[in-house]
Amino acid sequence: MQGHPGRTDVLMLSLRGTSAVAAIAATVASCANGAQLAVTRLIVQRHDPLAIAFLRCAIAAACLAPLLRKSQRPPARDCATILALGGVVAGLCPWLLTIAMQYTTASRGALVICTSPLLTLTFAAMLGQEKCTLRRVAGCCCALIGVAVGLSGQLATGTPMTINRGDAVVLLTTVLLALFNVCAARMLTRYPAHTIAPIACFGGLVILFAFTLADGALGGLPLLAAKDWLAVLFCGTVGGAGVLLLWSWAIEQASAARIAIFVTAAPISAAAAGVILLAETVSPQLTAGTGLILAGIYLVYRAEPFATSQV
C-alpha cells in the first residue's frame, strides 16, 4: 500500500523536471530567435534578403547534419512530410522574416510573433490536439494584449504604412509557424527532435536554393564583408540550428500550445539586441506589453505544470 505513493512522487518529480527543462529550452530558443531578428535587420539593410536566408539555412543544415544517423531515418512518407514542414519553417518563414526586417524594427517583429500562442492553441483545438481551457485562452489573450500595448506607441509614428507592411509579413510568418507547431507535434510523437530538426532544415534548404537559383541572388554573396559573415554565422548556428533543435525538443517534451507561449520571450531579447546593435529605443508601451506577455506565459504554462504532453 505504501509503494504506489512513492512511485507517484517519483513520477511527479520526473514530470516536473521535464517540464522545467522544456520551459528553459523554449525560452532560450525564443530569446535566440529575438536576437536573430535584430542581427538579421542589421544585415538586410545592405544585402538581398533571399541570399541571406539561403546562407543562414545552409549553415544550419551543416550544423544539424551530423545528428541524423541512417538508422534513425523515418519511412519515405513521414520523411516527405517532415521535409515539407521544414520547407515552411526553415525555408519560407526565415525568408519572409528577412524581408520583414527591411520595413519594421526587431522588437516590433518579435512582438507580432507573440500572436503565435493564440494561433497555435486555436489550430490545435480545431484538430482536437489540445484542450482549449479558459485559463489557456486567458493567458494567450493576455499575451496578445501585450502585443497590442507594445505596438501602440510605434503605430502612432509618422510612417505607419511602411511599418505596417513589415508587420503584415511577420504576421503571415507567424500563422505559418503556428501551423508548424501543431503539425510538427504529431511527428514528434513518432521521432525524436534530433531526427526531425535535420530533415526539416534540409527541406528548407531545398526551397531556398530553388528560389535563390531562380532569382539569381547568389551573385551578391561575394560582396559580404567580414562582419556580415559573422552575423550570418550567428543566424545560421544559434538562430537557425540552435532554435530549430531546441524548439522541436521542447514541443517533444510538452504540448505545442504550452510551448508556443514562450515565443513571447523574444521581444525581450530582440529589444535588447536592437538597442545594442541598431540604437532602437525601448518605449514605455513596449515595457508594459512585455509585462503582460510574461503574465500570459504564467497563465498558460503553469495551468497544468505537471501534465504530460496532450498531443
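**Exercise 1.** Work out whether Leu50 is buried or exposed in this predicted model.

*Solution.* Start with where Leu50 sits: helix H2, helices being DSSP runs of H or I with at least four residues, numbered from the N terminus. Next, take its relative accessibility, 2%. Buried means under 20% relative accessible area, exposed over 50%, partly exposed in between (1.4 Å probe, protein chains only). So Leu50 counts as buried. Finally, look across the sequence: Ile99 is 49 residues away from Leu50, yet their C-alpha atoms are 8.0 Å apart in space.

Some ground rules: residues are numbered from 1 along each chain as its sequence is written, and side-chain values use heavy atoms, leaving out hydrogens and water. Since the model is predicted, local features need pLDDT of at least 70 and side-chain atom pairs pLDDT 80 or more, while totals for chains, interfaces and linings use all residues.

**Exercise 2.** Which residues lie nearest the centre of the largest cavity?

*Solution.* A cavity is a set of points on a 1 Å grid over the protein atoms alone where a 1.4 Å probe fits but cannot get out; lining residues have an atom within 4 Å of a point. The lining has 28 residues, with Asn33, Arg56, Val89, Leu177 and Val243 nearest the centre. Helices H1 (3–44), H2 (49–64), H3 (76–100), H7 (160–188) and H9 (226–253) each give two or more residues to that lining.

Definitions and conventions
1 Å grid on protein atoms, 1.4 Å probe; cavity = no way out; pocket = protein on both sides within 12 Å on 5 of 7 lines; lining within 4 Å.
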